[in-house]
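I opened this notebook to record what I looked up in the structure shown below. The entries follow the order in which I consulted it.

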Amino acid sequence: MDKLTLILPICLEQSTASDIDLIAHYRPELSTVFRDEAILDDERKARVQIEIYSRPRAPYPERFEWDGLAGGFRRTVLNTPAGEWATRDPNLLIANLILIWVRVTNIPGDIQGRLRIDTYGEGPAQIWCGPRSGEATWYRIHGSDPIQFRDLFGRPFLLRRGLTWIYALSDEAIVSITEP
C-alpha cells in the first residue's frame, strides 16, 4: 500500500502539490496519511444514508448517500442533488465524510444571529471512508494548524484519496444512519 502524507486544513482550501509536499516535509506532525485501496465488491453493493439536522429546529436535513458504483457519497438537500456552495456541482462525489462535534455558541451582541464554531482543542469524530464508519478523535492546537484525526488507539486515521467533506456539528445536531 502506497502512502502519501498530506495536510488537511479545516477550511478545505486546495493547495498545490508543491505546497503540500513542502508542508508535509517541514511539519510532518501536522499531516494526514492517505491510503490507496480499491473499493471492494461488498462496498459497491452496500447502502448507507446519513441524515443530518444541523440544529434541532432545522426545517430539513442534509443527506449523504453512499453510491457504491461511483465509490463515494452523494449529497442531497430537499431530495435534490447538491454540491458545495462555490461550484454547485450536483455530481460532487465525496470520498471521505467526516463529522466532528464542536462547541457552537451565539456571537454576543450579533443582531444577525451568527454562530461561533470553535475548532480548537479536541472532540469526537465519526469518519466514513466508504460505506462503513469509524470512530475517531479530532484535534487542533493552534489556529494555523490543520485539524488532525486519530483512531481510538491514537494512530493517524487513514483517509481515502479524493474529496473530503468535513461537517462541524454542535451537540444538539441530530444524526441518523440508515443501512437498508
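Entry 1, conventions. I take two strands as paired if DSSP finds at least two bridges between them. I take helices (H or I, at least four residues) and strands (E, at least two) as DSSP runs, numbered from the N terminus. The model is predicted, so I note that local features need pLDDT of at least 70 and side-chain atom pairs count only at pLDDT 80 or more, while totals for chains, interfaces and linings use all residues. Residues are numbered from 1 along each chain as its sequence is written, and side-chain values use heavy atoms, with hydrogens and water left out.

Entry 2, the sheet. I looked up the strand order and found an open sheet of 5 strands, β6-β5-β4-β3-β15, with antiparallel pairing. Its edge strands are β6 (80–81) and β15 (174–178), each of which pairs on one side only. I then followed β6 to strand β5 (residues 72–77), with which β6 pairs in the antiparallel sense over 2 bridges. For Thr 76, I found the bridge partner in β6 to be Pro 81.

I located Thr 80 in strand β6 and Glu 62 in strand β4. Their C-alpha atoms are separated by 9.9 Å, and the two residues are 18 residues apart along the chain. For accessibility I use relative accessible area (1.4 Å probe, protein chains only): buried means under 20%, exposed over 50%, partly exposed in between. Thr 80 has 45% and is therefore partly exposed; Glu 62 has 15% and therefore counts as buried.

I counted contacts as heavy atoms within 4.5 Å. Leaving aside residues up to four places away in sequence, Glu 62 touches Ile 50, Glu 51, Ile 52, Arg 75, Thr 76, Val 77 and Tyr 167. With Arg 75, I found a polar contact between the two side chains at 2.7 Å. The term denotes a pair of N or O atoms within 3.5 Å; within protein, one must be able to donate a hydrogen and the other to accept it, and residues adjacent in sequence count only if both atoms are side-chain atoms.

How many aromatic pairs does the structure hold? I found 3. The rings of Phe 64 and Tyr 167 have centres 6.2 Å apart and planes at 80°, so I record the pair as edge-to-face. Rings of Phe, Tyr and Trp (its six-membered ring) pair if their centres lie within 6.5 Å; planes under 30 degrees apart count as stacked, over 60 as edge-to-face and the rest as tilted. Phe 64 is in strand β4 (residues 62–67) and Tyr 167 in strand β14 (residues 164–169), 103 residues apart. Phe 64 is buried at 0% relative accessibility, and Tyr 167 is buried at 10%. Ring pairs link Phe 64, Trp 165 and Tyr 167 into a cluster.
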